[in-house]
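Keep the 3D view open as you read.

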Amino acid sequence: MRLRVLIAGCVAALLPACATPPASGPARATPAAAATPAAPAVAPAVEGEAQQRIPFDGERAVIAARPPIATIDGTRPKQDVWARIRKGFAMPELEGPLARKQTQYYVQHPEYLQRVFDRSKLYLYHIVTEIERRGLPTELALLPMVESAYNPMAYSRAHASGLWQFIPATGKRFELEQNWWYDERRDIVDSTNAALDYLTQLHERYGDWQLALAAYNCGENAVARAIARNRKAHKPTSYASLHMPRETRWYVPKLQALKNIVRDPASFGIDLDPIPNLPYFVQVNETPEMDLQLAAELAEMPVEEFLALNPGFNRPLIRASEASRLVLPTDKVPVFYDNLAKLKGRSLVSWTVYHPEKGDTFGKIAKRYGLKIAELKKVNGIPQRSWHLPKLLVVPTRSEALVAAKLPVMYAPPIPVRGQVGIVHHVRKGETLWSISRRYQVSVGALEHWNRVGEPLRIGQKIYIRKNLL
C-alpha cells in the first residue's frame, strides 16, 4: 500500500491537471470486436480472435517528479500484480468435474491464455487496486478474462460491450453514458467502477459469491427463479445445485480454472510473466477537442495502444463535451503535454459534424469530402451493407483526416453480429419470457442465454430467437 501511495504522490506532484478517480459493475456478457459465439462445452467464454494484440513492453518508468521527490522504501519486498491477486483470493473453491475440465482446457491452449494475459497487463494494476480498495476478493480481477478475454472492444450479439460486458440497459442502470460519440461501457475506469458496484450489490443480495457471479452472467431474475424452484422441490440452493443455462453452468468453473492456474502457474507448465506493481496509466483531465489520431501522435503512441486505453470513443473526433478525460501511460503524460504545447495556436481538429440534407446520398457526401463510401461508413460506424443515411455524420475538413480511415479494426464502433438469429421479436404489452418461449417453442433459459435479459421486459424491446441453437 505504501508503495502505491508514494507513486501516487509522484504523479500528483508532476501532474496537477491529472486525476485518477476511483474505478468500478455490470451485466450479462459475452464479447467481441467480432461477436463471441456460444462456447463449446469446455471452450473459453470469449476468444476474440478479431481483437488486436495489445503491446506491453515491460516495466514502465515512474515519472520523474520535480522536487521534492518522494522516497521509496527499498527494503520493502517487491511484488508484482499477480502476487497481489494471489494474496487476495477469498472466494470458496469450486470443486467438481467442470472446473477440472476447464482447467485442463486452458492448459492445453497456452496460446489463448498468453493472448489474454498480454492484454490484461494494461488494466490489471488499476482493477486490482480498485478491488482491494473495496475489500473484495481479487478473483474478480480475472473475471474480464471470462467475460471478454480482456478485450475492451468486445461486443456480443446481445449488445454487451467492454471488458465487463455491460448490456445497454444495465449500463444505463449504473450510469454508463452511451451516445453517438462515446460509450462508457468500454471506458476502462467507468466500467470497472460500475462492474464492481454491481458485483457488490449482487453479493449483498445473495450472500454468496458463486450465486452473485451466476446472476452477473445470466441475470438476477434467472437466478432467483432457479433458487425458488429448488426451494419448492426441497433441494439445495447452492450454485452447483441449481439448474442454470449452459453458459452459466460453465461460468464459475471458468473463473475457478483461471484461479487455479494463476495461483500456481508452474505446476501447470504455464509461464506467467510478471506485471510491474506500478500504475500503468493515469487519467488526464480537461484535454482540448482534437482528432483521435492526433492525440495518439502527441503521446507518441501507436494508435492501437492509445485506443486500448481509450476504447470508449466511437468517432475519429474527440469532443471535449463528450470525454472528460484521456487515459495515457504514466510515462507518456509529459510527452503529451510537451507536444501539445508546441501546437499552440494551431487547429487540433480536422473533422466536423455534417447533417445530411434532402437528396444527399453516401456517394454524394463521400465525393464532396474526398472520401470513399467505405471510408465514410467506417468512421461513422455504419455497416457496409447499409444504405440508410443517418441524421448525423462526421466528415473531414482537410485531407490529413483521411488517415482515420486507416485506424485499426478495434477502433470501428462495434456492430452486433447476431449469428444464426432466425427471428427478432418485439415485446408487446403484457408479454413475459415465458409467454414468448411458448410462442416460439424454446426454453426460457435459451431466451435468457441468447439475449442476456430478465424480467420485467420493456414494450418494444428486441428478443432474438435462434431456433436452431436450443
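Start with Arg325 and Asp190, which form a salt bridge whose closest N and O atoms sit 3.1 Å apart. Arg325 belongs to strand β4 (residues 325-329) and Asp190 to helix α8 (residues 188-206), so this pair ties together parts that are 135 residues apart in sequence. Bear in mind that the model is predicted.

Are these two partners buried or exposed? Arg325 has a relative accessible area of 10%, so it is buried. Asp190 comes out at 19%, and because buried means under 20%, Asp190 is buried as well.

Now stay with β4 for a moment. Of its 5 residues, 5 are buried, so the strand is largely enclosed by the rest of the structure. Part of its surroundings is strand β1 (residues 281-285): 5 bridges join β1 to β4, and the two run antiparallel. To find your place in that pairing, look for Val284, which stands opposite Leu326 in β4.

Arg205 forms a salt bridge with Glu220, with 3.0 Å between the closest N and O atoms. Here the link runs from helix α8, where Arg205 lies, to helix α10 (residues 220-232), where you'll find Glu220, and the two residues are 15 apart in the chain. What about their accessibility? Arg205 is partly exposed, at a relative accessible area of 45%, whereas Glu220 counts as buried at 17%.

Next, jump to Lys259 and Glu139. They make a salt bridge too, and their closest N and O atoms are 2.8 Å apart. This pair links distant parts of the chain, 120 residues apart: Lys259 is in helix α11 (residues 246-263), while Glu139 is in the loop between α5 (124-134) and α6 (143-147). Lys259 has a relative accessibility of 2%, so it counts as buried. Glu139 is buried too, with a relative accessible area of 1%.

Which residues join Lys259 and Glu139 in one network? Through salt bridges that share partners, Glu93 and Arg263 are connected with them.

As a bit of background, side chains of opposite charge can pair when their charged atoms come close. If you want to keep exploring, the structure holds 15 salt bridges, among them the Arg325 to Asp190 pair we began with.

How values were computed. Residues are numbered from 1 along each chain as its sequence is written. This is a predicted model: local features need pLDDT of at least 70, side-chain atom pairs count only at pLDDT 80 or more; totals for chains, interfaces and linings use all residues. Side-chain values use heavy atoms; hydrogens and water are left out. A salt bridge is a side-chain nitrogen of Lys or Arg within 4 Å of a carboxyl oxygen of Asp or Glu. Helices (H or I, at least four residues) and strands (E, at least two) are DSSP runs, numbered from the N terminus. Buried means under 20% relative accessible area, exposed over 50%, partly exposed in between (1.4 Å probe, protein chains only). Two strands pair if DSSP finds at least two bridges between them.
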